[in-house]
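Subject: Structure handover

Hello,

Please find the structure below, with the sequence. My notes come after it.

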Amino acid sequence: QVVLFLVGAASRRWGQTGLIAAGATLGFTDVDALVIAMAKAAGAADQVETAALATAVGVLSNNFLKLGIAIVLGRARFRVLAASGLGLLAFATALGIAYLR
């Protein structure tokens, strides 16, 4: 509930930029809460595209967090495989974000 309140407050205070920043920040911690918060934020027809973009940015930030963890904590072969897979996912997500823009 706190997340929904904070995302709403960021959206009201800073508009689209606030919603996207909230998505990026929330993506670091919990993608499930991100999706629920953005689905709620997309209630107005004019916010659907921004909420989709914020969700994609949040997924990308979550991917970068996992990539960093895999590189720092991973060992040998796992580090290479995880970094490669997560790098490809990040690239594909970035392409999706570029397409949405």
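What follows is a short account of the chain as a whole, then of some helices and residues.

This is a predicted model, in which local features need pLDDT of at least 70 and side-chain atom pairs count only at pLDDT 80 or more, while totals for chains, interfaces and linings use all residues. Residues are numbered from 1 along each chain as its sequence is written, and side-chain values use heavy atoms, with hydrogens and water left out.

The whole chain

The chain has 4 helices and 0 strands, and from the N terminus on its elements run α-α-α-α. Helices (H or I, at least four residues) and strands (E, at least two) are DSSP runs, numbered from the N terminus. Along the principal axes, the C-alpha atoms fill a box of roughly 45 × 30 × 20 Å. The accessible surface is about 6500 Å², and 69% of that belongs to carbon and sulfur atoms; accessible areas come from the Shrake-Rupley method with a 1.4 Å probe, and for residues only the protein chains shown count as cover.

Of the 101 residues in the chain, 34% are buried. Buried means under 20% relative accessible area, exposed over 50%, and partly exposed in between (1.4 Å probe, protein chains only). Among contacts (heavy atoms within 4.5 Å) between residues at least 6 apart in sequence, 59% join residues at least 24 apart.

Helices α2 and α3

The axes of helix α2 (residues 31-41) and α3 come within 9 Å and cross at roughly 175°. α2 is therefore roughly antiparallel to α3. On the α2 side the contact is made by V31, L34, V35 and M38, and on the α3 side by A51, A54, T55, G58, V59 and N62. Axes here are lines fitted to C-alpha atoms, for helices over the stretch in contact, and angles run from 0 to 180 degrees between N-to-C directions. Angles under 35 degrees count as roughly parallel, over 145 as roughly antiparallel, 65 to 115 as roughly perpendicular and the rest as oblique.

S61 sits in helix α3, which covers residues 48-73. S61 counts as buried because its relative accessibility is 8%. Apart from neighbours within four places in sequence, S61 is in contact with G23, A24, G27 and F28.

F28 also belongs to a nonpolar surface patch of about 570 Å², together with L65, I69, I71, V72 and L73. Patches are made of residues with over 30% relative accessible area and no salt bridge, where like charges are joined within 9 Å and nonpolar side chains (Val, Leu, Ile, Met, Phe, Trp, Tyr) within 5 Å. A salt bridge is a side-chain nitrogen of Lys or Arg within 4 Å of a carboxyl oxygen of Asp or Glu. The largest share of the patch, 5 residues, comes from α3.

L65 lies in α3 and is partly exposed at 32% relative accessibility.

Residues in α4

A76 is in helix α4 (residues 76-100). A76 has a phi near 35°, a positive value in a residue other than glycine, and is exposed, with a relative accessible area of 64%.

S84 is also in α4, and is partly exposed at 40% relative accessible area. The C-alpha atoms of S84 and A45 are separated by 37 Å, and the two residues are 39 apart along the chain.

Regards
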